Amino acid sequence: MKPAMMQTKKLRIEKHTSDGSGQLDCLPFSSAQDQPMNVPLLDLKAHHAPIKDEVLSKISEVIDCNAFAGGPFVESFEYAFADYCKVEQAIGVGSGTESLWLALLAQGIGPGDEVITAPNTYIATAEAINFTGARPVFVDILEDTYNLNPDLIEAAITPKTKAIIPVHLFGQMADMDPILEIAERHGLFVMEDSAQAVSADYKGRRAGSIGHCASFSFYPGKNLGAFGEAGAITTNDASLAQKIRSLRDHGQAKKYFHSRLGWNSRMDGIQGAVLELKLKRIDGATAGRRKAASCYSEKLSAIEGIFLPSENRSCKHVYHIYSIRVTNRDTLLESLRERGVGGSIHYPIPLHLQKACQSLGYEKGDFPIAEKCASEFLSLPMFPELTEEQISYVANTLKELIR
Ligand SMILES: *Cc1c(COP(=O)(O)O)cnc(C)c1O
């Protein structure tokens, strides 16, 4: 059966205000039969509708200024983003993948070095390590937060280890204090992979402000998304920042005068302009996600067999992704999709079992928690504009399918 289009249904609850901060009443589980509807995994159209005119006029400003590659709009965003993350420097680059790579290069990491990270991250984290010439070394995760298990890090440290990249998976920050303590004891560089964690907190400190540096992705689907590809590095280390600025622009401080060989990873002017506008609304968007997450958790806690996301007491989780765990994940995902619910899996195969990482020599069973979670993760629709009606539909559909 084809689900009816969502738009044809009259909404019975108040819609979110334009900045996504609108209140959402979490009604108790309804036993009434829901009408079929489509609930997409992510609804960028709904997210952008309230700001589209403002964005278009800003883009027109960029066009009038011919400020397409780097330039004043990028610089202005860099100041705003550094300020938001409570750090001294932000450097805009071409993508999140390049932000990871350039920061590692600037730190001097290369062939012969090892960099520790989690196996349950997006491939980019390992790619960036690999493209410096260094070797990714994985450490298993915690079963409640899905982030690096600090207790397992020391066993993975060798004389070749140069850095640790904790990944703030799904929008919840890794347990940074013990990680930093271990890093300090062993003289290691710490970069937070904050691609999924703009506006997240750990003990009152912002994602991106705790490690020696942090990488961010503004891929359109991320919780701070550009209108194309973009990324950034944040740091309080002025000399590291200066190196990254040089590397992202062919090693030139002045046009055609190259002090080192770099790369082209300048952020687009249009992305800088769009991101600065969207950054103004990130707190509202995060509030919308958190509200949707608590609404989900309230409704889903009544269903047996679902393991809900857990929020560490010292963290503000921003729910870039709301991922539950279920044992019959693959059939459940298929059935959800048949009923119009846009589920997904982040990520189905941990990196140590990816074909691309075969040469690292890992085997099935090396990281049991990451492997178990990868077989059970099921991401549900999550975006700031998600309505209570949509959440109810997803929860009721899950309840029916699990029963
Ligand atoms: C998205 C993402 C990246 C890569 O960012 P791009 O902008 O897509 O290059 C890196 N790490 C994590 C954890 C991500 O989610």
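Reader: In which helix is Lys291 found?
Author: The model is a predicted one, in which local features need pLDDT of at least 70, side-chain atom pairs count only at pLDDT 80 or more, and totals for chains, interfaces and linings use all residues. Residues are numbered from 1 along each chain as its sequence is written, and side-chain values use heavy atoms, with hydrogens and water left out. Helices are DSSP runs of H or I with at least four residues, strands are E runs of at least two, and both are numbered from the N terminus. On that numbering, Lys291 lies in helix α9.

Reader: Is Lys291 buried, partly exposed or exposed?
Author: Buried means under 20% relative accessible area, exposed means over 50%, and partly exposed is in between (1.4 Å probe, protein chains only). The relative accessibility of Lys291 is 28%, so this residue counts as partly exposed.

Reader: What distance separates the C-alpha atoms of Lys291 and Glu388?
Author: Along the chain, Lys291 and Glu388 are 97 residues apart. In the model, their C-alpha atoms are separated by 9.7 Å.

Reader: Why is helix α8 described as largely enclosed by the rest of the structure?
Author: Helix α8 covers residues 269-279. Among its buried residues are Gly269, Val274 and Leu279.

Reader: Which helices are included in what covers the buried residues of α8?
Author: Contact means heavy atoms within 4.5 Å. The cover over the buried residues of α8 includes α1 (44-48), α2 (52-65), α3 (72-85) and α9 (282-300).

Reader: How many helices and strands does the protein have, and why is it called as compact as a globular protein of its length?
Author: The secondary structure comes to 12 helices and 14 strands. The radius of gyration, taken over C-alpha atoms, is compared with the globule rule, 2.2 Å times the number of residues to the power 0.38. For 403 residues the rule gives 22 Å, and the protein is as compact as a globular protein of that length because its own value is close to that, at 21 Å.

Reader: What percentage of the residues in the protein is buried?
Author: The protein has 403 residues. Buried residues make up 56%.

Reader: Over which residues is the pLDDT below 50?
Author: pLDDT is the predictor's confidence in each residue, from 0 to 100. The protein averages 92, and 92% of the residues score at least 70. Where pLDDT is low, the predicted coordinates should not be read in detail. The pLDDT is below 50 over residues 1-25 and over residues 27-32.
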